[in-house]
Amino acid sequence: MSEKIRPKRISLEASSVCQLRCPSCPNTSKAILPTVGSGFLRPSDFQKLIDENPWIKKIELSNYGEMFLNPDLIEIIKLAYNRNVVLTADIGVNLNNVKSEVLEGLVKYKFRSMVISIDGTSNETYKQYRIKGDYNRVIENIKQINLFKKKYQSKYPLLSWQYVVFGFNEHELATAKKLAKELNMTFLPKLSWDTEFSPVVNREVLRKELGVATRDEYKEKYGVDYKQSICHQLWDQPQINWDGKMLGCCRNFWGDFGGNVFTDGLIECVNSEKLVYARDMLLGRQKPRDDNPCATCEIYLDMGKKGDWLKRGTGRSLYSSLKIITPPGVKHILKRYMPKKLLSTIKRITST
């Protein structure tokens, strides 16, 4: 019998709307519209959710859209702060259009952490992928957050610089790493998901930084998909759409698992027949089913080809099965999606 889920962490998108037009993004192509739609999380829905589920301790607010375009974001941040719920935006924000009072609110109300997508160290380079964005404005917003952190004597939000490496920006990788340090940010280089758009040329530089130069190379070297850790979200941090629709994981935009968290309840939705079946599929206990979003996911299909299914639990066997041999720069993937207890177990195993 499958375990019943009552997650202490969830992902709840604050905005599926984005003002940028990044070439490889499904938001730009409008591929997300049939399932995700276009809209903003309402404070009333947010309040209802945390009131009805007081055990929730942490909520991720970013995914396919830009969190800061939600006109009610500061109210949502205040609600979380008053109920001791930790908020993060670790999937990523572009930080182009933000009011000063919102930047101050991030610090004042102890927004925990934020990953900012900055693929370049000049406006000319940055705008080649972050179309309609402004590099200089992003950097100024980061500096303003740092000023507010000094004013309130706070270390929050913790800031990270995500740098998707392409052929057009690989020459600025070292500069970006240096600038991130100067801005008191963690530097997170990331492999591109699009093999067609400006592929890297100098692969040796990337291998030195990340251990591998492409996601295919990562899969070949480590035996798992670069983003396979996302599958654990169905247990540990289920993804909820801005309108309450249950999506399961942050990657899914092609189908939902039925039910609405705001009207049907969180526990009901995370333990629906469809989502329970999906978890069993990922563990290799059930065959793929056409009405299940996981059935068409490349990560699931790859696991099926190998018969190498997702493993749950703790201990040395889990470490071996997940092949957690992460090169520098991608360990944040595990930290973002795995429970602290599991990570501490892995750390203990790998240090002996």
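## A tour of the chain, stop by stop

Begin with the whole chain in view: among its contacts (heavy atoms within 4.5 Å) with a separation of 6 or more, 70% are between residues 24 or more positions apart. The model is predicted, so local features are taken only where pLDDT is at least 70 and side-chain atom pairs only at pLDDT 80 or more, while totals for chains, interfaces and linings use all residues. Residues are numbered from 1 along each chain as its sequence is written, and side-chain values use heavy atoms, with hydrogens and water left out.

Switch to a cartoon view, in which the chain has 16 helices and eight strands; these are DSSP runs numbered from the N terminus, with helices (H or I) having at least four residues and strands (E) at least two. Of the 352 residues, 59% are buried, where buried means under 20% relative accessible area, exposed means over 50%, and partly exposed lies in between, using a 1.4 Å probe and protein chains only.

**The core.** Select Leu95, Met114 and Trp161, which touch the most other members of the largest nonpolar core, a group of 103 residues. Next select helix α5, residues 135–151, which gives the most to this core, with six residues. Such a core is a set of buried Ala, Val, Leu, Ile, Met, Phe, Trp, Tyr and Cys residues joined through side-chain atoms within 4.5 Å.

**Val164.** Move to strand β5, residues 158–165, where Val164 has its place. Val164 counts as buried because its relative accessibility is 0%. If you show what surrounds Val164, leaving aside neighbours within four places in sequence, you will find contacts with Asp119, Arg130, Asn169, Lys190, Leu191, Ser192 and Trp193. Then mark Tyr129, which is 35 residues from Val164 along the chain, with 9.6 Å between the two C-alpha atoms.

**Glu66.** Now go to the loop between β2 (58–60) and α2 (73–82), where Glu66 lies. Which side chain of opposite charge is nearest to Glu66? It is Arg130, 8.2 Å away, and the buried Glu66 has no salt bridge, a term that requires a side-chain nitrogen of Lys or Arg within 4 Å of a carboxyl oxygen of Asp or Glu. The side chain of Glu66 does reach the backbone nitrogen of Leu95, at 3.0 Å. Beyond four places in sequence, the contacts of Glu66 include Ser15, Cys18, Val93 and Asn96.

**Asn241.** Select the loop between β7 (239–240) and β8 (246–248) to find Asn241, which is buried because its relative accessible area is 0%. Apart from residues up to four places away in sequence, Asn241 touches Leu12, Glu13, Thr35, Val36 and Leu247. Ala14 is 227 residues from Asn241 along the chain, yet their C-alpha atoms are separated by 8.2 Å.

**Backbone details.** As background for the last stops, most residues other than glycine have a negative phi, and most peptide bonds are trans. Zoom in on Tyr156 and Pro157, which are joined by a cis peptide bond with omega of about 0°; Pro157 is in the loop between α5 and β5. Then visit Lys110, in the loop between α3 (100–108) and β4 (113–117), where phi has a positive value near 55°. With a relative accessible area of 44%, Lys110 is partly exposed. End at Lys132, in the loop between α4 (123–126) and α5, where phi is also positive, near 80°. Is Lys132 buried or exposed? Lys132 is exposed, because its relative accessible area is 56%.

Notes
Lys, Arg positive; Asp, Glu negative; His and termini not counted. Polar contact = N/O pair within 3.5 Å; in protein donor to acceptor, adjacent residues only side chain to side chain.
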